[in-house]
Amino acid sequence: QVQLVESGGGLVQAGGSLRLSCAASISIVSMDGMGWYRQAPGNQRELVAEVTTDGRTNYADSVKGRFTISRDNAKNTVYLQMNSLKPEDTAVYYCNAIRLLGRFRDRYVYWGQGTQVTVSS
């Protein structure tokens, strides 16, 4: 079973920065993709950013130019650097990992427990 542990959330003023970390219990090189999602009260969980094994990245339009996802394979950790934070970025942020295993590339999805990010105006 893969475990993902997030850290780095907290309270920050608008315009500030935070860096989230997601530590995996196994080598992230074995993951076909890793990413960050967020869920605000009353909203559905949405993709924030994702990175593939070969380093390709994808961002939600709302965070492009402000957030950066990166990975440190040696530390089995994925980061989300969040700059120029806005009150609308307030949400619980979840780390996500995907593995495609077996002959038929069965899709396994893993989630962390989430970390709260609150941006005050």
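## Salt bridges and selected residues

Arg-56 and Asp-54 form a salt bridge whose closest N and O atoms lie 3.1 Å apart, a salt bridge being a side-chain nitrogen of Lys or Arg within 4 Å of a carboxyl oxygen of Asp or Glu. The model is predicted, so local features need pLDDT of at least 70 and side-chain atom pairs count only at pLDDT 80 or more, while totals for chains, interfaces and linings use all residues. Residues are numbered from 1 along each chain as its sequence is written, and side-chain values use heavy atoms, with hydrogens and water left out.

**Salt bridges**

- A search of the whole structure finds 6 salt bridges.
- Both Arg-56 and Asp-54 are exposed, where exposed means over 50% relative accessible area, buried under 20% and partly exposed in between (1.4 Å probe, protein chains only).
- Glu-46 and Arg-38 meet through their side chains in a salt bridge at 2.8 Å, N to O; Glu-46 is partly exposed at 37% relative accessible area, whereas Arg-38 is buried at 6%.
- A network of salt bridges links Arg-38, Glu-46, Arg-66 and Asp-89.
- Arg-105 forms a salt bridge with Asp-32, with 3.9 Å between the closest N and O atoms.
- This pair links distant parts of the chain, 73 residues apart, with Arg-105 in the loop between strand 9 and strand 10 and Asp-32 in the loop between strand 3 (18–24) and strand 4; strands are DSSP runs (E, at least two residues) numbered from the N terminus.
- Asp-32 is partly exposed, with 30% relative accessibility.

- Arg-105, although not a glycine, has a positive phi of about 50°.
- Ser-84, also not a glycine, has a positive phi of about 50°; Ser-84 sits in the loop between strand 8 (77–82) and strand 9 (91–101) and is partly exposed at 40%.

**Gln-39 in strand 4**

- Gln-39 belongs to strand 4 (residues 33–39) and is partly exposed, at 28% relative accessibility.
- The C-alpha atoms of Gln-39 and Tyr-93 are 6.6 Å apart in space, although the two residues are 54 apart in sequence.
- Beyond neighbours within four places in sequence, Gln-39 is in contact (heavy atoms within 4.5 Å) with residues including Gln-44, Arg-45 and Tyr-94.
- The Gln-39 side chain reaches the backbone oxygen of Asn-43 at 3.1 Å.

**Thr-77 in strand 8**

- Thr-77 lies in strand 8 and is buried, with a relative accessible area of 8%.
- The side chain of Thr-77 reaches the backbone oxygen of Lys-75 at 2.8 Å.
- Not counting residues up to four places away in sequence, Thr-77 touches several residues, among them Cys-22, Ile-28 and Asp-72.

Methods
Helix = DSSP H or I, 4+ residues; strand = E, 2+ residues; numbered from the N terminus. Polar contact = N/O pair within 3.5 Å; in protein donor to acceptor, adjacent residues only side chain to side chain.
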